[in-house]
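Good morning, colleagues. Please bring up the model, and I shall take you through two parts of it.

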Amino acid sequence: MKYTEGPEIRDTKAPSGPIEDRWEKRKFSAKLVNPANKRKLNVIVVGTGLAGGSAAATLGELGYNVKSFCYQDSPRRAHSIAAQGGINAAKNYRGDGDSIYRLFYDTVKGGDFRARESNVYRLAQVSVNIIDQAVAQGVPFAREYGGLLDTRSFGGAQVSRTFYARGQTGQQLLLGAYQALERQVAAGTVEMHTRHEMLDLIVSDGRARGIIVRDMVTGEIERHLADAVVLATGGYGNVFFLSTNAKGCNTTAIWRAHERGAYFANPCYTQIHPTCIPVSGEYQSKLTLMSESLRNDGRVWVPLRKNDDRAPGDIPEDERDYYLERIYPSFGNLVPRDIASRAAKNVCDEGRGVGPGGLGVYLDFRDAINRLGRDAVEKKYGNLFEMYERITGENPYDVPMRIYPAVHYTMGGLWVDYDLQSTIPGLFVIGEANFSDHGANRLGASALMQGLADGYFVLPTTIGDYLANGPYGDVDEEAVAEAEIKVRTKIDRLLAVNGTRTPDSFHRELGKLMWDYCGMERTEESLRKALERIPELREEFWQNVKVSGTAEELNQVLEKAGRVADFFDLAELMCLDALVRTESCGGHFRAESQDADGEALRDDENFAHVSAWEYSPDGPILHKEPLEYEYVKMTQRSYK
Amino acid sequence: MNLTLRVWRQSGPTDKGRMVTYKVEDVSPDMSFLEMLDVLNEKLILEGDDPIAFDHDCREGICGMCGMVINGVAHGEQRATTTCQLHMRHFEDGAEITIEPWRAAPFPVVKDLVVDRSAFDRIIQAGGFVSVPAGSAPDAHSVPVRKEDADAAFDAATCIGCGACVAACPNGSASLFTAAKITHLSLLPQGQPERLSRAKAMVDQMDAEGFGGCTNTGECTAVCPKGIPLDTIARMNSDYLKANAK
Ligand SMILES: Cc1cc2nc3c(=O)[nH]c(=O)nc-3n(C[C@H](O)[C@H](O)[C@H](O)COP(=O)(O)OP(=O)(O)OC[C@H]3O[C@@H](n4cnc5c(N)ncnc54)[C@H](O)[C@@H]3O)c2cc1C
């Protein structure tokens, strides 16, 4: 795939000066919308996860006229609901040395120096307010006997700053946002559109002014206009087919916005989560995450010997290799995700993996149960143990869990500036859909923090500044009609092929290809292979896909086919991005770039930048945004 | 394993609907129930048939999107399990399995096994929240909460809004769903100011949606994938009575 390089891109919205003051400065300089005018301003928010749900609710509270969209039958079902482990906040309630600065530092370092300092500092600052907000809404976080909030530690941190609600933190936080959203629906400030899928962005006079959606029940194509559009449509991990994401997670909304001019940043930054339940067969439809919090008390090991097929209980202590504790003595089982995942891959590649196909490692709770008692372990992790037993038929109180890495999160996403605005004026992108805060690797419990920071606190301020600078005139009817025709044409094309393979069979093949060639380890050779294979497979898709039914009804095959079509295009850009970035950083591991110990080797001289890709029918155009570190000194990460 | 499925097919809200029989072969015991249906659907698509429409998303028991009445039981016979978490190892080779949608007047069928549960959102809209605009909250530690209360509130708050309780109830009552939210918020200090008005508004909305009354049969809690206890309903009723006495 050929690409060209365009001019550098800069984030012009982040104020300068001491980092502690930047957000205050930006808030103060942001223009305010007169309360009486807010009612006349329309904002579309696509997505009702933590980011979109909290944003729509807050914009409604502020008095804007909001339209909210999701593809599920209720906003409460967004994929955020599945987050298990917890949410970070620099509350320092434990007095264990935490601070805003430390959370900032950990996040920049955890992201392997590929995130912006200003954004991350703001995130750490705002984290504190999120917990206050959630508690006030009635989110039932875990508490101690004294009535105060409990916390736990998570990977990549040496302090205990993760707030949690048993293994269902995402659910409880999302229900808080959902309830706030429904309160605004009742108040008449938010109009809710469930079972609606966004299929295009309307750009008029260079500004985002609305969206084209399909009513997934009737098949009707609708146009919705607004003064600004917010995308909060989540991550694109499902490009790999198998991932821990919900089945409906997709790239369609952000990809189609990309085709309309929004730059796509760092598409190759993918997070592979170390603790998932291994694949059991060909029919596998998704992978299930076992929360990282389990690594607080569970110990990861494999047999010392290769192909050791003894039952785990029969392997004596001195024939076990607790490899994370051995290689990384200071962080042990709590090293960041990218490191834990690759270490698991390495021991399995050595032939020391366990379970079917040797693609698994043990996560053992024996010592924790002996130390804390079964009751205490059950209190902390009961629902996770149950979930594991349900899927595998094995009881983790007696036999160690078997886990293996799986695709989990995408750090890449649409490029946004400090205001969370994309390269299309009036298009804002929040939550996992943007690229902003996690660099090349996200720390556990930081996605929930970012989604809610964006939605409750950052976007409501910055979007006000954009709207206050309006009005932006009438929407060009031609632009709307063109977008609508584009959507209809694509649907008709999908239905017309009438081939012999289902959308899912193509998706599976694409996913396997991405996992093999652009997964945990990438090489120039593998990426070139992928870049050759993807266009061929896409060609076959458009010649041979079978979509049953019609466009004018609830048609889940048609929905799927549209999403798979976009995954092809995205997959190609991911591989290109991975090919061009010849360094290793965070979740992006290029086998050619490693140190003597096999650790990821960054190349700061050539790659201390964000890769922001512009769409062009003649091939993508790469714009680099240089990254500068004024506060955290760039060092090679070490968790030893 | 080989199975015979009898599945409810209904092309849309106005269609009368009927049971249709399908054979599924080579089912692995490690498959989930929905993966078994995926396999059948792939076959139907290629044969030019309409695949069976069903709602699903997270496939790990938390989004509340899936729900089928399997052999007459909401989410199937496995206790505390959503349809997506049900695995085929719990069925016998050669078994005949009937699959139907939630059946309740306030949950009209959209297509096949997909129903419209928007009534639940409207019950929440009526009062299932604490009124606290973003940015107005005091420090989280300003009000300690007894651990017992926080834990009990959590137990009620785990409701996933799937609607199995309604499907299982002979009266089609939504009491367990409504009571779970009322209990969650009424156990916490943050939920006190609106406690009685919330209970009244939510119960009134539940009735307005056409859900039936509760006669304490306990079918709801028996099928609830999160095991929401029946005593939440007593709490709801008591708050509702107090609200009306005012
Ligand atoms: C199993 C699991 C566990 C996790 N655990 C944690 C954790 O413990 N801590 C942590 O910090 N993070 C965790 N994460 C990550 C975190 O949950 C997500 O990154 C985060 O919730 C994403 O939130 P979001 O609001 O950006 O998007 P989502 O919650 O994914 O919401 C996306 C929304 O967009 C809508 N949408 C998408 N496409 C369209 C379209 N085309 N048209 C209309 N609507 C659309 C959907 O309907 C949905 O409402 C976990 C992730 C997984 C998969």
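Which domains does the domain assignment of chain B give? The assignment, which is automatic or taken from a database, gives domain 1 (3-111) and domain 2 (117-134 + 142-245). Before I continue, this is a predicted model, in which local features need pLDDT of at least 70 and side-chain atom pairs count only at pLDDT 80 or more, while totals for chains, interfaces and linings use all residues. Residues are numbered from 1 along each chain as its sequence is written, chains are lettered from A and ligands numbered from 1 in the order in which they are written, and side-chain values use heavy atoms, with hydrogens and water left out.

The centres of the two domains of chain B, taken over C-alpha atoms, are 28 Å apart. In contact (heavy atoms within 4.5 Å) are 19 residues of domain 1 and 18 residues of domain 2. Between them, about 1400 Å² is buried, 62% of it from carbon and sulfur atoms; buried area is the accessible area (1.4 Å probe) that two parts lose on being put together, summed over both. B:Trp102, B:Pro106 and B:Phe107 supply 37% of the area that domain 1 of chain B buries against domain 2, more than any other three residues.

The count between these domains is one salt bridge, defined as a side-chain nitrogen of Lys or Arg within 4 Å of a carboxyl oxygen of Asp or Glu. In chain B, the side chains of B:Arg117 and B:Asp55 meet in a salt bridge, at 3.7 Å from N to O.

I turn to chain A. An open antiparallel sheet there has three strands in the order E8-E9-E10; strands are DSSP runs (E, at least two residues), numbered from the N terminus, and two strands pair if DSSP finds at least two bridges between them. Strands E8 (196-204) and E10 (221-225) of chain A each have a single partner strand, so one side of each is left without a neighbour in the sheet.

Technical notes:
Helix = DSSP H or I, 4+ residues; strand = E, 2+ residues; numbered from the N terminus.
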